[in-house]
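Biologist: I'd like to learn how to read strand pairing and chain contacts in a model. Can you walk me through a case?

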Amino acid sequence: MSINKNQKFLLTGNEASAEAAIQAGCRFYYGYPITPQNEIMTHMALRMPEVGGTFIQVESELAAIYMVYGSAAAGGRTMTSSSSPGISLKQEGISYLAGSELPCVIINMQRGGPGLGDISPAQSDYFQAVKGGGHGDYHTIVLAPSSVQEAADLVFDAFDLADCYRNPVMILGDAQLGQMMEPVVFCKKQKTDLSAKTWALTGARGRKRNIIKSFYPVKGELEVFNIKLQKKYHEIEAEEVRYEEIDTRNADIVIVAYGTSARICREVLKDAKKQSLKIGMIRPITLWPFPSHCIARVAERVQSILTVEMSAGQMVEDVRLAVNGKCPVHFYGRTGGGIPSPKEILHKINELIQVKEKVTCVTS
Amino acid sequence: MELTYSKPKTLIDTPTHYCPGCGHGIVHRLIAEIIDDLDIREKTIGLAPVGCAVLAYNYLDIDMCEAAHGRPPAVATGIKRVHPDNIVFSYQGDGDLAAIGTAEIIHTANRGENITVIFVNNAVYGMTNGQMAPTTLLNQRTLTTPKGRNEKIDGYPLRMCEILSIIDGSRFIARTSITSPANIKKTKQLIQKGFQTQIEKRGFSLIEVLSTCPVYWHMTPCESMKYIDEQMTKTFPLGVFKDWENENQF
């Protein structure tokens, strides 16, 4: 397969994510089969040998994340991918990666849970992705694409962010995004101003030895290290928040949704316009760091906020924290692989408006 | 006068945290000597385990990486794939290699990953105060086998060299001990052969070293050495189980 810049391809979100990783210089991929992200792995099996990279179908999700740990420690651009149950298995390793400040990319094409769940699209790994997931005080940067093109673009950015901050980056997609086909162009280029990985394990030739570890047994050392980590996280929160804001200026109600839910809500905005309803949307692109400032600002002037998710209500907690009582925050979600239709969401919006009108009537 | 014995350059001149009579110090020194002898200090990358040897990176003056419990072979694989011309070895205990990391060691051997594993078997979990290991002998008392290991409840001691030697990807598999100067010399030769296997890009090598844990065996250091010779070797016979120089021997 040869890829020219600006050539247009029709690819699934899975294939586009995998190819973008190759284009971004990822040369070490380790994975274990799980639906609905298998096309990432099969694309890597095909492409890695073509670019002189490493592809290993690993014996377990655990071993896969630790091969990523090894390649990251050795200074390589490295990635793994999985779906919800597999990502749960990787959490120990993600904690170690964060604790050892190793850059890597992890793609989670979410499916329904808990347990083995189903293979339908879901957004019920939000808590796991943005609140740490594994043990200890840490964060991964979490990016949430809502189209195949954006999936490809964010994979590029993910590798640069990972290297820039020496931190694992997770792409949080879902079965819908992974499986659907859309046109995609690989137009991004790797950042060239990233600093050299002088910390990496290469053999101590002409320098002092490097040690990659997350163990601080001497009392007080770990606290010092964790405070340093927190400083880095604050810097990421200050510099890297990304979101899309649509029609919020004159909106009565603003939807907050990400990924596939946001894609569905775009249709809702069009339908609402036809009914002369003033509805806007905030679409977080980084789920961590979360666009709290934007949501807080919008909450000052709207009647209410409606969070839409393919979960029983996870991101809504962060929305409520951001809003901090400035306006009511409502939730509409489907769980267990259910996908909300634009009609259902619009119905929920109309309900909110009617309730508001009733309240206005009573008080006047 | 000629100096015939001195501290290896690769061994850092610092007191270790190991208990009196523990075998880790001997094995660390042998690794340092071999790295010096082969002149590979600047291209060697070591993996420290979870367990008593977690701080191995404080004693060996080479690039080193920590790995979670059981995962050194996977981490070593990830490093070796980035730097195929570097020398990568993992240093693992019995709980790490033969319990929580059984899948990793078997599949790393099966891929014929060109790394060397130093497997220190002292038949007990030392760092967590002496629980049963997968290699604890039958009738051996530990914190979690207070009446002695009973095969009906606890299963049998796991012989990893024997298991790994039937895997096609393994190229050099040997078991040795550190109970006498002769055995220490032999151990050095076998570990060196493991490194040589890797340098010549022949594939996976593992050297199991029967070692002591006087504190959790409730013995003196001398009694511990005797215990290896008289008891452990009955369950874990010493020898070379697979050797690329003599592929038909097994």
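Predicted model: local features only at pLDDT ≥ 70, side-chain atom pairs only at ≥ 80, totals over all residues.

Biologist: Which strands pair with strand 14 of chain A?

Modeller: Strands are DSSP runs of E, at least two residues, and helices are runs of H or I, at least four, numbered from the N terminus. Two strands pair if DSSP finds at least two bridges between them. Here strand 14 (residues 304-309) of chain A runs parallel to strand 11 (residues 253-256) of chain A, with 4 bridges, and Leu306(A) partners Ile255(A). Strand 15 (residues 329-333) of chain A is also parallel to strand 14, through 5 bridges, and there Glu309(A) faces Gly333(A).

Biologist: How many residues of chain A are in contact with chain B?

Modeller: Contact means C-beta atoms, placed from the backbone, within 7 Å. By that rule, 31 residues of chain A meet 28 of chain B. Helix 3 of chain A gives the largest share of chain A's side, 9 residues.

Biologist: What joins strand 9 of chain A to strand 2 of chain B?

Modeller: Those two run parallel, joined by 2 bridges, and Ile211(A) sits opposite Met64(B).

Methods
Residues numbered from 1 in each chain as written. Chains lettered and ligands numbered in written order. Contact = placed C-beta atoms within 7 Å.
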